[in-house]
Amino acid sequence: MLSLSPRWPLGRRGLSLRTGMNMKLIGLITIVLAASSLTGCGVGQNTSAAAALPAASPIITDEEAVKITIRSLEERIRRDPEDFISYNKLAGYYLQFHRETGDGQYLDLAQRAAKSSLAALPAEMNAGALAALAQVEFASHDFISARDHAQQLARMEPSKSYSYILLFDSLIELGEYDEAALAVNRVKQLEGNSVNSESRLARFALLKGQTDAATRKISDAVAFALNSASPQRENVAWLRWQLGEITFSTGNYPSAERHYRDALVTFPGYYRAAGALGKTLAARGDIAGAISEYERVVAKTPDPVFIAALGDLYKLAGREKEAASQYALVEQIARLGKSAGALYDRQLAIFYADHDMKADDAYALAKKEYETRRDIYGADVLAWAALKAGKIDEAQSAIKEALRLGTRDAKLFYHAGMIYRAAGDNSKAKDYLERALKLSPRFDPLQATVARRALEEL
């Protein structure tokens, strides 16, 4: 799946789509993208920005100064437990650390700080704390709460863009695309051409299958971020990583590798780019190099997606015992994550379905999540899990939902091909499998092989 995850520059304070939604949504998204062009962010400007994308260079941050500031804020709170301003600042720093490291402990700290601030001063007079809490909820995959709090913030401060940014991000994850289009349009009105507006318009472009437009908009966002008075290291690295993700999705693995390495130049050790680099090395046939890269990443960031990928590479390398160990670890981490909500439900459902494990559990996880989080990728996970659970009719219905926006994603096409193959529709199966492998021939170390084998058998 494409990985253009919604984001909001954290640490700063700065409406539903269901089955049957048709051309109304497509038209609304088109209007939003067209409005972007009319306000000075058209194809010509974006193409220029993409062509002039600056070379990557390190962005230095004074980590020791940040630590000193945090200790100072913690001391102020010890002296005055009602100091809501210090709580809000702490929440911002903790959220920033979470973005940089992926370490869940910082989410816990940010949540405590935000709630302590709200206990000291109610949300009606404390938008900063409410915003921090909404960001924690978003990062914890409690998208409904994040959306509701973002709506509350928008009512409190309708002329501030930050609430609409968070609202857009939450709505996208919930699959409420028509309302998300309204939110990003509001961001565009308030900010004009900015990192926030362009990166989110890129999200819409990807959903519509417009990878070239998405690349231009992310390139614009990189330029805007670098031209700011104080470029943020993680923000710039994230944008460069996104360029890699888009490029990887089109099968241009050398270009994807370059973007990932640029992100790592900007922010050495950045876990998202490091994991993606491992994925790209595998796609380029360097299994040993990919394993080494993933081993370094999971040692610091034990994310189930990275761990499962490492397990797959061990399997390809014939290291079966090590693969089994990684697969077991995926389940252990997912179970631990249950205490914080449904953070890993989608990842676990995909993992089970990909590896033909616990089909009923995968289906139950996907079905439960799709009841509230009805985005196209939720539909795809439900379709894939339903197929593995033998529910072919439901799988066909769900994959139609997943493909309804015209998204160009090799894994979506692969899942569609396998579902239609199981349903006996060989013509559609062949078409989708061919589209998957043409778009990104090595989209996954194991699943791409399955796709090729299935296509040969048709």
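A residue counts as buried when its relative accessible area is under 20%. In this predicted model, S197 has a relative accessibility of 0%, so S197 is buried.

**S197 and its surroundings**

S197 belongs to helix α10, which spans residues 195-207. The side chain of S197 makes a polar contact with the side chain of E198, at 3.0 Å. With neighbours within four places in sequence left aside, S197 is in contact with V184, V187, K188, E191 and G192.

**Overall make-up and confidence**

The protein has 24 helices and zero strands. Of its 458 residues, 55% are buried.

The mean pLDDT is 90, and 87% of the residues reach 70 or more. Over residues 2-6, pLDDT is below 50, and the model gives this stretch 24 contacts beyond near neighbours in sequence. Residues 8-27 also have pLDDT under 50, with 55 contacts beyond four places in sequence in the model.

**Nonpolar cores**

In soluble globular proteins, nonpolar side chains tend to be buried together. Here the largest nonpolar core has 117 residues. Within this core, the residues with the most contacts are F204, L239, Y270, I399, Y414 and F443. Helix α20 (residues 376-388) gives the core its largest share, ten residues. A second, separate core has 26 residues, including L95, F97, A114 and A139.

Y270, of the largest core, touches R99, E100, E234, A237, W238, W241 and L264 when residues up to four places away in sequence are not counted. F97, of the second core, lies in helix α4 (residues 84-101). Not counting residues up to four places away in sequence, F97 touches V66, I70, G102 and Y106. F97 and A110 are 13 residues apart along the chain, and their C-alpha atoms are separated by 9.8 Å.

**Salt bridges**

Side chains of opposite charge can pair when their charged atoms come close. The structure holds 34 salt bridges. Among them are the pairs in this table.

| E63 | R233 | 3.5 Å |

The E63 and R233 side chains meet in a salt bridge. This pair links distant parts of the chain, with E63 in helix α3 (residues 63-79) and R233 in helix α12 (residues 233-249), 170 residues apart. E63 has a relative accessible area of 43%, so E63 is partly exposed. R233 counts as buried because its relative accessibility is 10%.

R76, at 33%, counts as partly exposed.

K358 is partly exposed, at 41% relative accessibility. E331 is buried because its relative accessible area is 11%.

Salt bridges also form a network, which links E173, R203, R346, E369, R373 and D375.

**S255**

S255 is in helix α13, residues 253-266. Its relative accessible area is 14%, so S255 is buried. The C-alpha atoms of S255 and G244 are separated by 7.2 Å, and these two residues are eleven places apart along the chain.

Key. Residues are numbered from 1 along each chain as its sequence is written. This is a predicted model: local features need pLDDT of at least 70, side-chain atom pairs count only at pLDDT 80 or more; totals for chains, interfaces and linings use all residues. Side-chain values use heavy atoms; hydrogens and water are left out. Helices (H or I, at least four residues) and strands (E, at least two) are DSSP runs, numbered from the N terminus. Buried means under 20% relative accessible area, exposed over 50%, partly exposed in between (1.4 Å probe, protein chains only). A polar contact is a pair of N or O atoms within 3.5 Å; within protein, one must be able to donate a hydrogen and the other to accept it, and residues adjacent in sequence count only if both atoms are side-chain atoms. Contact means heavy atoms within 4.5 Å. A nonpolar core is a set of buried Ala, Val, Leu, Ile, Met, Phe, Trp, Tyr and Cys residues joined through side-chain atoms within 4.5 Å. pLDDT is the predictor's confidence in each residue, from 0 to 100. A salt bridge is a side-chain nitrogen of Lys or Arg within 4 Å of a carboxyl oxygen of Asp or Glu.
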